[in-house]
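Trainee: I am new to this structure. Please walk me through it with a few questions.

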Amino acid sequence: MAALPRRIIKETQRLMQEPVPGISAVPSENNARYFHVIVTGPEDSPFEGGLFKLELFLPEDYPMSAPKVRFITKIYHPNIDRLGRICLDILKDKWSPALQIRTVLLSIQALLSAPNPDDPLANDVAELWKVNESEAIRNAKEWTRRYAMDN
Amino acid sequence: MEKENAEPDCAICLQKLHHPTQLPCGHVFCFLCVKGIAIQSKKCAMCRTHIPRDYFDHPILLEKQPLDEVDEDCDNNKHQWYYEGRNGWWKYEERSNADLEAAFTSGVSECLLLLAGTIYCVDFQNMVQIRRSDPTKLRRVKRDIPTFPSKGIAGIKRLDPQQETGQTGQDVRDENTNSLQEGNETDVINVSEESLVEVDNSSIESLSDGIRNITLQHNNAVDGSHVSSPNENDEPSSEDT
């Protein structure tokens with residue numbers, strides 16, 4: 001019904017023409033504001049080798065409001081909860097309309113490289129990450145293998 | 001990527017800057033994009049510096065006279081869309097105008113616009129613009145020749161003093177209203193059309209069509225020479241004339 005804002009068209013075109021390494025974002029066929037996203041687990045992180053599915057939705061007043069992003073693939077990470085919700089400041093109060101789909105997804109990928117257990121969303125995960133990091137990393141690798149590989 | 005030496009795009013709409021407007025921190029965006037962030041986050045999109053509440057009392061426009069009648073000679077073939085403000089009509093900004101015109105000529109009954117971060121529905125049957133989140137906020141709209149006397153473009157007040165007389169507060173029901181109705185500058189605030197004007201609070205009011213004084217700057221110079229009165233009827237200050 002609504003015409004797609006030019007900015008969304010432009011971002012979508014650029015995502016297709018100049019994709020970000022390790023990230024793919026493809027708009028849904030029936031809703032150009034809904035993107036199917038795949039982020040590869042960063043090297044040297046417990047998520048390496050995993051392919052993580054996310055969904056990203058651009059609200060009506062995007063880019064004045066942040067995109068809504070959620071992990072679909074289960075992930076063991078102190079800043080991502082069981083429902084896949086992500087604790088990341090730029091998705092909330094630090095959002096700026098100068099950020100883009102591309103920069104948001106890069107930030108999420110960076111969050112996988114640098115878990116921040118001091119600002120947790122998944123409390124049990126964050127707790128373990130703080131008291132026994134090696135076990136937490138083992139869990140994260142195990143979840144990556146179990147949920148984020150060969151699919 | 002596209003044009004290497006071209007002006008940078010606006011970081012908010014990702015398009016060529018339309019009516020480039022500079023914030024106190026120095027960052028430049030389209031006028032309507034600045035309006036959007038001034039309403040929503042109240043911070044610069046680049047550096048997050050707070051945007052002063054009264055910024056739109058004196059927005060810094062980096063463009064010379066933005067309100068031109070660029071191509072007067074081919075008027076007859078072109079149409080301009082207007083929305084009603086206090087005491088007159090504003091032109092829609094170029095991009096919204098193109099969207100409206102395209103929608104209208106394609107025969108659909110309405111057109112959604114995202115203006116300064118807010119969604120509006122323009123209903124072609126009733127010729128009104130309705131704010132989606134609050135349908136009581138509505139304004140009349142019309143399609144007319146580009147030279148119809150207007151207050152300016154999308155909240156950027158016309159600077160041409162001859163055109164700036166301000167229409168009276170009379171009910172402008174007649175679409176053929178023309179400049180003959182102008183000339184009475186008094187008491188423009190107290191009019192029945194007030195209810196059509198979208199104003200929810202003082203900060204938005206200062207952003208809406210009550211934009212009183214526009215400081216026009218060619219490139220960099222910073223404000224300082226302007227003393228402007230908050231009076232509704234004041235002419236915008238201009239260094240051009």
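Trainee: In what sense do strands β4 and β9 of chain B pair?

Mentor: Keep in mind that this model is predicted. Strand β4 of chain B covers residues 80-85, and strand β9 of chain B covers residues 134-144. Four bridges link them. In one of the bridges, B:Gln80 has B:Asp144 of β9(B) as its partner. The sense of the pairing is antiparallel.

Trainee: Which strands are the edge strands of that sheet in chain B?

Mentor: The sheet is open, with eight strands and mixed pairing. Its order in chain B is β6-β7-β8-β9-β4-β5-β10-β11. An edge strand pairs on one side only, and here these are β6 (110-115) and β11 (156-157) of chain B.

Trainee: Which helix packs on the sheet?

Mentor: Look for the helix that touches β4, β6, β7 and β9 of chain B. Its direction makes about 170 degrees with that of β6(B). That is helix α2 of chain B, residues 94-106.

Trainee: How far apart are the centres of domain 1 and domain 2 of chain B?

Mentor: The domain assignment puts domain 1 of chain B at 8-65 and domain 2 at 80-155. Their contact takes seven residues from domain 1 and eight from domain 2. Taken over C-alpha atoms, the centres are separated by 22 Å.

Trainee: How many nonpolar residues has the side of chain B that touches chain A?

Mentor: The contact takes 16 residues from chain B and 14 from chain A. On the chain B side, α1 (31-39) and β6 each supply at least two residues. By class, that side has four polar, two charged and 10 nonpolar residues.

Terms used: Residues numbered from 1 in each chain as written. Chains lettered and ligands numbered in written order. Predicted model: local features only at pLDDT ≥ 70, side-chain atom pairs only at ≥ 80, totals over all residues. Domains from an automatic or database assignment. Contact = placed C-beta atoms within 7 Å. Pairing = 2+ DSSP bridges. Axes fitted to C-alpha atoms, helices over the stretch in contact; angles between N-to-C directions. Nonpolar A, V, L, I, M, F, W, Y, C, P; charged D, E, K, R; others polar.
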